[in-house]
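We will go step by step, picking something new at each stop.

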Amino acid sequence: QVQLAESGGGLVQAGGSLRLSCVASGGIFDISAMRWYRQAPGKQRELVASISSGGSTNYVDSVKGRFTISRDNAKNTVYLQMNSLKPEDTGVYYCNVNGRTWPDRPFLNYWGQGTQVTVSS
C-alpha cells in the first residue's frame with residue numbers, strides 16, 4: 001500500500017526557513033508529477049508548487065522566488081525549501097504524487113497526511 005510521509009514542518013519566525021520532505025513508500029514503482037499543497041485555516045487547499053518527472057517546476061505567484069521544489073527519484077522523495085517565510089505561509093502542507101505500483105498499472109493520485117507550518121510575525 002503506497003504511503004506518503006511528510007516531515008520538516010514546525011514553528012518559525014517571519015523571515016526564517018524550513019525544508020519539507022515527503023517520502024513515498026509501499027511498493028511504488030514509478031512517480032510522475034509531485035506536488036505540494038497547503039491549506040490555511042478557513043481557506044481552500046491550494047497548489048503551492050509542482051515538479052514533473054523531467055524536473056520542470058511551477059509555483060503559485062505568492063511563493064515565487066522564495067520556495068524551491070526539488071525531487072530525488074532514487075529515493076522517491078520530493079522536497080520544498082521555503083525561505084523568507086511570511087505569516088501568510090502558515091498552514092498545513094500536503095504532499096501529493098501521481099504514482100504507479102507496476103509498469104502496466106495506471107498512475108493513481110496519492111496524498112500525505114500533512115505537516116503543520118506556522119510562521120510567527
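Start by selecting Cys22: with a relative accessibility of 1%, Cys22 counts as buried. Keep in mind that you are looking at a predicted model.

Show the side chains of both: a disulfide joins Cys22 to Cys95, with 2.1 Å from S to S. Which parts of the chain does the pair link? Cys22 sits in strand β3 (residues 18-25) and Cys95 in strand β9 (residues 91-100), so select those two ranges next; the two cysteines are 73 residues apart and the parts they link are distant in the chain. Zoom in on the S-S bond of Cys22 and Cys95: the torsion about that bond is about -80°, which means the disulfide is left-handed. The structure holds 1 disulfide.

Next, switch to a cartoon of the protein chain. You will find 11 strands and 0 helices. The radius of gyration is 14 Å, close to the 14 Å that the globule rule gives for 121 residues, so the protein chain is as compact as a globular protein of that length. Along its principal axes, the C-alpha trace spans about 50 × 25 × 25 Å.

Colour by burial, and 42% of the 121 residues in the protein chain come out as buried.

For the last stop, select the charged side chains. The protein chain has 12 positive and 8 negative ones, and the centres of the two sets lie 1 Å apart.

How values were computed:
Residues numbered from 1 in each chain as written. Predicted model: local features only at pLDDT ≥ 70, side-chain atom pairs only at ≥ 80, totals over all residues. Heavy atoms only, no water. Disulfide = S-S within 2.5 Å. Helix = DSSP H or I, 4+ residues; strand = E, 2+ residues; numbered from the N terminus. Buried < 20%, exposed > 50% of the residue type's maximum accessible area, 1.4 Å probe, protein only. Rg over C-alpha atoms; globule rule 2.2 N^0.38 Å. Lys, Arg positive; Asp, Glu negative; His and termini not counted. Charge placed at Lys NZ, Arg CZ, Asp CG, Glu CD.
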